[in-house]
Amino acid sequence: MIPRRLGACLLGIGLVLAGIGAGIATAAEAPGDAERGQAVFAAKQCGRCHTSRGQPSVGPAIEELRRPQGAYELAGRFWNHAPAMFTTLMRDGIAWPEINPAEMADLMAYLQADASRDPAPDLSRGHILLVGKGCLKCHRYRGEGGRIAEELTRYHPGYESPVTWAGAVWKHAPRMAEEARRMGVPYPRFTGEEMGNLVGLLRSTAKSP
């Protein structure tokens with residue numbers, strides 16, 4: 001049986017372990033388009049659970065999803081959203097929607113996420129998150145910490161690109177949520193500026209690719 005503390009650390013920032021942005025060059029990302037993003041929202045059947053305010057809705061109303069917000073902030077909301085959405089889709093026999101990088105850029109534009117709205121990262125708060133989420137029980141950071149998972153100062157495209165980061169979160173958070181459920185450990189959540197602060201810390205110490 002996996003110890004509770006170990007299970008928690010495996011989840012902390014497991015998205016970093018999952019091949020963030022593999023094969024995606026930040027410079028190649030095209031700007032997102034809100035109109036195309038609305039089409040992505042419809043094509044992925046997001047409206048099954050996210051309807052207009054006042055209508056029966058399984059998840060948050062579309063008006064709550066679509067609001068001015070930071071790009072890394074939205075990535076944090078994607079992360080938080082995974083457990084409930086994964087459970088609902090599993091119950092209904094629906095596969096987790098796949099979203100490619102171009103679609104993610106458009107979807108983020110439709111949801112009014114803009115990297116310019118993310119405040120400058122607070123590196124000290126990012127370090128508090130790194131420790132508080134239990135990441136260093138498994139990960140190394142600047143050579144110190146656990147030996148189970150990789151060194152977090154290794155460069156990943158998601159450190160520079162919120163679209164790449166959000167895509168990785170979207171792809172891998174369901175697996176992390178399922179592991180949390182299976183092992184009975186708390187699923188870490190991010191609020192407000194936390195995701196941006198954590199990524200900012202990792203970016204500040206990442207080695208060049």
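**Cysteines and crossing helices**

Reader: How do you know whether Cys 49 is too far from the closest cysteine sulfur for a bond?

Author: The sulfur of Cys 49 lies 8.7 Å from the closest cysteine sulfur, in Cys 46. A disulfide needs the two sulfur atoms within 2.5 Å. So Cys 49 is too far for a bond. This is a predicted model, where local features need pLDDT of at least 70 and side-chain atom pairs 80 or more, while totals for chains, interfaces and linings use all residues. Residues are numbered from 1 along each chain as its sequence is written, and side-chain values use heavy atoms, without hydrogens and water.

Reader: How many disulfides does the structure hold?

Author: The structure holds 0.

Reader: What makes α6 roughly parallel or roughly perpendicular to α8?

Author: The axes of α6 (residues 123–132) and α8 (residues 194–205) cross at roughly 100 degrees and come within 7 Å. Roughly perpendicular covers 65 to 115 degrees (under 35 is roughly parallel, over 145 roughly antiparallel, the rest oblique). So α6 is roughly perpendicular to α8. The angles, from 0 to 180 degrees, run between N-to-C directions of axes fitted to C-alpha atoms. Helices are DSSP runs (H or I, at least four residues).

Reader: What angle do α4 and α8 make?

Author: Helix α4 (residues 71–92) packs against α8 at about 110 degrees, with axes 8 Å apart. Therefore α4 and α8 are roughly perpendicular too.

Reader: Which residues of α4 make the contact?

Author: Tyr 72, Ala 75, Gly 76 and Trp 79. Contact means heavy atoms within 4.5 Å.

How values were computed
Helix = DSSP H or I, 4+ residues; strand = E, 2+ residues; numbered from the N terminus.
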